[in-house]
Protein chains: 2
Amino acid sequence: MNKILIIVFFLSAQLVYAQENLNFGRQKEIISPQTNTDGTFTFRLKAPNAKKVEIQGDFLIAKGTGPAVEQMKLGADSIWAFTSQVLPSELYSYSFIVDGLKIRDPNNVYLIRDVSSVVNVFLAGAGKADLYMVNDVPHGTVAKRWYESAGLKVNRRLTVYTPPGYESSKANYPVLYLLHGVGGDEEAWMQLGRASQILDNLIASGKAKPMIVVMTNGHTSNTAAPGESSKGLYKPIMMTPDVFNGDMETYFKEIIAFTEKNYRVGRNKADRAIAGLSMGGFHSLWISANYPNTFGYVGLFSPAVLPPSNAASPIYKDLDLKLEAQKKNGFKLYWIAIGKTDFLYKNVSDYRKKLDAMNFKYEYRESEGGHTWSNWRDYLSAFAPMLFK
Amino acid sequence: MNKILIIVFFLSAQLVYAQENLNFGRQKEIISPQTNTDGTFTFRLKAPNAKKVEIQGDFLIAKGTGPAVEQMKLGADSIWAFTSQVLPSELYSYSFIVDGLKIRDPNNVYLIRDVSSVVNVFLAGAGKADLYMVNDVPHGTVAKRWYESAGLKVNRRLTVYTPPGYESSKANYPVLYLLHGVGGDEEAWMQLGRASQILDNLIASGKAKPMIVVMTNGHTSNTAAPGESSKGLYKPIMMTPDVFNGDMETYFKEIIAFTEKNYRVGRNKADRAIAGLSMGGFHSLWISANYPNTFGYVGLFSPAVLPPSNAASPIYKDLDLKLEAQKKNGFKLYWIAIGKTDFLYKNVSDYRKKLDAMNFKYEYRESEGGHTWSNWRDYLSAFAPMLFK
């Protein structure tokens, strides 16, 4: 009797939920992507009226100049399927293309937004992406928190990772300030970057020191990620008017002051690191140069070493003098990483030549690939273990 | 020169990003949904090869027994469009149906997952949904945090909202424990429930007292929401083996203990509230009955007043005696709300008769509609202002 009542409850709930757009009973038997024991992945879509179904993904090999696309094959019950090759460990993304229309996989609820696109993702393990997974290890706390920017005259949002044990400890912790690229916001390193998983896993294995990670929003014309501010649920764009205009670098001191007031953190240079990807690498370069005795560790991930849009700002003046001061003051690590096919490769090369000519010491990592989150996750996985040791 | 270089940077970045599945240049001119000045909304989809495009949404009026669907009309440039009626203020969800295949709107990045379905959402303002928006008011902190459950022998994840000013204050705050339904997890009240927006806005207007809100995961066989545990990126299901089996009620004391150890909170009954929807209403009923001198405020939102699956558990014994103790001990508010067309209406009616017969005082709100998040957001908006006064 009890069981029957509960089953009735679920069935009724499903009917009601269906009115709210849930699709119980629809495609419920379809698993996509399915992780196969041989290391391949199978993707499926039920599309009874489709003439042609393709899959586009960053794990496929492009045959021409366009994105990599493969045909899916029609099987029983109008289900189209495609099985990948054995995939190296990575966080991958994909879409389906049904008669020319790009869609999400209705059987995969895991989605990540990148600027104005939302794509399905999946993880292939047994390699570097094991760091990107939630494993049975102690987990840090991830907080979305607002700070007051007196300079920008608004409250702005941060993502703050505090490591396992932070709350129950009385110790001070070191801080990594982690900056995103031109397409990102304070959620990018958590979503596309898997930062909390990488830190949890590296800390659990003893490879990285417990640290606080402060993930900022580098678009000073925004207060928060799309949908998280009073701008409402607008369509995000990549180009905002604040890129390379000096505001992020000028007002970064407010973020440091907020962090040091609100968290138990060390206040020595040896307790502070700053790193960023692409635009965030540009920001990290200029912030560390303008605060030449503040950061013991600097990480430039595929940095956008480009002329600033507001070259007249004092922030962007006298780089050589600032770098000389940084060199003289000393630091533990200045780390530059870039992919061999990155479109910024030459810019970074030129910047390295400048540093070499100054006898400014840095470490350099050259990876395969280009300007991709695949590289940035990998760089964070390599950079974090070098910090605060 | 600088401007040209930066434009080159963006264009190059877009090409590179495109390889990672971004769709710059594709449908970039299309805004969907578009908020029109007259209170209507226009939805658009570019689908050159489609024969028929429909929109399904909870703001449409069903014409038969199935979900409400409207035809979209083909216009210039292969863009299908539909304009709604003037919509009452609400958080709405919708999908497109292209030749029978239900898809997400590629031009709307705002999505919410409900069990195994992901749907697009939008907000219609100038009414109750103003509380669901991020407005220019002080914002609380939202943290994802793990606690150790000694009883369940796992670490489990919570969502904790601390109100604006919590960190800079030394005061103790009251706590609302807010529980989800059978389809939810510790993210449900934040995603579908807009809890942090509702609290931020009610606190800013002085209508609700600043309070901490602890959002639990009521599925004790899970440690965290889908994708956030070591179960990996699996396909979520609604029915887990832990529903109504007594574990949530039995081990809830661990969550209270964790909260009171880790946050500056009042430890009197008058400082504690518990509320939940559907299954969470069932949990709130039984938790408050089993801890009969713990909660000053109880909210049962469309509670699933159903027989427990594990009726032999001491948790589910002697309800009348427990309610008598609760009544004798006294409380500030016992609040029950349900929609007129909810499939649990009769169950709740019967429960109210029981309370009436016992002379157990409660307040009752009967709303339009059924077992929906529309009602639960509304109930939270009504319940929070009655707390801790």
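In what order do the 4 strands of the open sheet in chain B lie? The order is S1-S2-S6-S5, with antiparallel pairing; strands here are DSSP runs of E of at least two residues and helices runs of H or I of at least four, numbered from the N terminus, and two strands pair if DSSP finds at least two bridges between them. Strand S1 (34–35) and strand S5 (73–74) of chain B stand at the edges with a single partner strand each, so one side of each has no neighbour in the sheet. S1(B) runs antiparallel to strand S2 (residues 41–46) of chain B, and 2 bridges join them. Thr35(B) has Phe41(B) of S2(B) as its bridge partner.

The model is predicted: local features need pLDDT of at least 70 and side-chain atom pairs pLDDT 80 or more, while totals for chains, interfaces and linings use all residues. Residues are numbered from 1 along each chain as its sequence is written, chains are lettered from A and ligands numbered from 1 in the order in which they are written, and side-chain values use heavy atoms, leaving out hydrogens and water.

Turning to helix packing, helix H6 (residues 279–290) and helix H7 (residues 319–329) of chain B pack at an angle of about 70°, their axes 8 Å apart; axes are lines fitted to C-alpha atoms over the stretch in contact, and angles run from 0 to 180 degrees between N-to-C directions. H6(B) is therefore roughly perpendicular to H7(B) (65 to 115 degrees).

Chain A, for its part, comes to 9 helices and 18 strands. Its C-alpha trace spans about 75 × 55 × 40 Å along the principal axes.

Methods:
Angles under 35 degrees count as roughly parallel, over 145 as roughly antiparallel, 65 to 115 as roughly perpendicular and the rest as oblique.
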